[in-house]
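These are my notebook entries on one structure. I set down what I looked up, entry by entry.

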Amino acid sequence: MVEMTYRDALRQALIDAMTENDDIFVIGEEVGRYGGAYGVTKGLIDQFGPERLLDTPISEPAIVGTAVGAAMAGMRPVAELMYVDFIGMTMDQLCNQAAKIRYMFGGQIGVPMVLRTQGGTGRSAGAQHSQSLEAYVMHTPGLRLAMPGTVADAYHLLRMALTQPDPVVFIEHKALYAMKEDVDLTAHVPDWGKAAVRRRGTDVVIVTYSRQVHYAMQAAEALAGQGIEATVIDLRTLNPLDFDTIRAEVEHVGRAMVVSEGPLTAGVAAELAARISEECFDFLHDPVIRIAGEDIPISVSVALEAGSVPSAEIVEQTARKLVA
Amino acid sequence: MTPPETAAASRTAPQSNTDLLGLYTDMRRVRTFEERVGELFVRGQSAGSMLHLSIGEESAAVGVCSAMRDGDTFTTHHRGHGIFLARGADPNRMMAEIAGKQDGYCHGKGGSMHIADMGLGHLGANAIVGGGIPAVVGAGLVAKRRGTGAVSIAFFGDGAMQQGILYESMNMAALWDLPVMFVCINNQYGMGTRVDQATRATKFEERAIAFGLAGRAVDGLDVLEVREAAAELVDGARTGKPAFLSVDCYRFFGHARKDKSPYRTEAEETAGRKRDPVAHARAALLDAGTDEALLDRIDGDAATEMDATIDFAVASAEPPLSSMFLDVYGPDEPMPEPLATRIDRVLARE
Ligand SMILES: Cc1ncc(C[n+]2csc(CCOP(=O)(O)OP(=O)(O)O)c2C)c(N)n1
Ligand SMILES: [Mg+2]
């Protein structure tokens, strides 16, 4: 066991993957000399050189488009988008090109690239630097989507993403970079596309991912002190979505809540709640509750920012009301 | 006559057709193919309603492709049939793809605007104006990194000259000295918008030069001129001097099959259609003493070859409905669950 931050785990994943596979290179703004806006690629340029830590102009569409072409030409680019909030600028290259090339071209070729980016609240970064836009990605067939919530998963999911045949959008949470956990990176983690049941209970299943896993765990511990036992499922990847695990746990417990930082309407929580309601109908005692971001932009104000997205307290209170 | 299995293999490789007769032959094949695409549409056999013919632009496709080599890669815009054909595509498989059939290059999933063939280095046609441009920066980056000596070329229309992605891509290509070329086929229109209604800066090559690329503009009337300019620029790109070429021509017909171009006068169209690179090459060949019967035979062969593409496309099967869920993800990945299966599964409650 070593103590490691989420940031260091991501960096270690890149180092290990790039050491093993010469075809992997990082391309993006400030990934080389600067070391990444959030320091994930710090020092990598010294180890791998400027060709494999390719600093680019501020041209998000062409960063992603170049990665698409490089992936088609046989390499494995890791394109970095400094903030997921900039994904709109790259939507054509991501959703019309990367996501559809294999299909449109009749299976001739895939686009094995990873788009690493980070999202979420927690740094008072304001409306244009704090969003949770994973629903955009999840809504596009052809794109895989990974959202690590733990230090071990930051490492392992990134390593696994770099072996996928298809484009993977890899969304880190900006509030987790400095989080430390004791990890043994050689220890087994669930496969790509499999959820992790972080905790098992008998009263309610909390389905979540990314930073909200920690809020769900805190809530579950508080609930345990009040005689309510919660199951917490960390989805790890939203595409592939491990619905089998969700179904098994929900059928066993009979109650479910979905927690997501993204806006409520037409969001990830909406999709998950719909599927649980549809597929586990006969096992549910109560409606499936969505806990998600308010349908409003994110503020710079610490209070407004924190108030607009789910917290451990809200998860806890909601579970209590649901189980009552 | 049954068409040869692979048209490309049975004839001179296009890149060796550097003489005018060879270029003429290739341009005639493109012209005739496009005419047959038009017929397929009229017969109601084309799957796509969005068919963009490159008639009038043959010199751009054939001239530039004649300067390419095996291993070079390229992307095209939505008006890219001629380019693909000039790179050696099998016209039967092209026509089948345009008809949305199983024997097409993409088994009917791509169609005219998303045709591709990795074997010939065709990284894909694109239905997004400018969408295919940055991929050649990536392909060029890989070619440079691996020292393959390959060039990657993006073909696009004048409309894409006003898309930001082009400038991001040219900037990166120049910044990194990539073996990349950008070819603008300036047919004077983006749908109904004439070039001078889209920009004040109509000298496109100047924009490329401003970014540090080698930039030229040529008159597409003369395929030899296009070839000469393309050869120089492609050779330069191969040594790490990215390039831009604008080929001036005229879109003979409407934007797509149904467009009757009400925004253009008849006089303009008549004058525009006089800028015919195929007729121009034919006249030059005759002037140079080429036997007219030989040219007639070339034309006749093209007609025979391309007539057969329609039969091939019509005879080809529709893709099986089950193929719908194939190739969304990699070959070993689980397939998406069909809607009907899911509904039955959900409603089959014990
Ligand atoms: C991003 C985008 N915007 C608009 C369109 C609709 N559209 C299709 S073709 C076209 C005109 C393109 O003109 P040009 O690039 O000159 O190519 P041409 O059709 O003349 O060959 C337009 C506006 C599109 N397909 N993609
Ligand atoms: Mg045009």
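I looked first at a salt bridge (a side-chain nitrogen of Lys or Arg within 4 Å of a carboxyl oxygen of Asp or Glu). The side chains of A:Glu278 and B:Arg342 form one, at 2.4 Å from N to O. Between chain B and chain A I counted five salt bridges. Helix 5 (133-146), helix 6 (164-175) and helix 13 (339-347) of chain B each give at least two residues to the side that touches chain A; helices here are DSSP runs of H or I, at least four residues, numbered from the N terminus. Helix 5 of chain B has the largest share of that side, nine residues.

I noted the basis of these values. This is a predicted model, in which local features need pLDDT of at least 70 and side-chain atom pairs count only at pLDDT 80 or more, while totals for chains, interfaces and linings use all residues. Residues are numbered from 1 along each chain, chains are lettered from A, and side-chain values use heavy atoms, without hydrogens and water.

I then checked contact, meaning heavy atoms within 4.5 Å. In chain B, 45 residues are in contact with 47 residues of chain A.

My last entry concerns helix 11 (residues 277-287) of chain B. Its buried residues (under 20% relative accessible area, 1.4 Å probe, protein chains only) are B:Pro277, B:Val278, B:Ala281, B:Arg282 and B:Leu285. They lie on the same side of the helix because they cover an arc of only 140° around the axis, taken from the directions from the axis to the C-beta atoms. Just after helix 11 of chain B, B:Gly289 has a positive phi of about 95°.

Note on methods
Buried means under 20% relative accessible area, exposed over 50%, partly exposed in between (1.4 Å probe, protein chains only).
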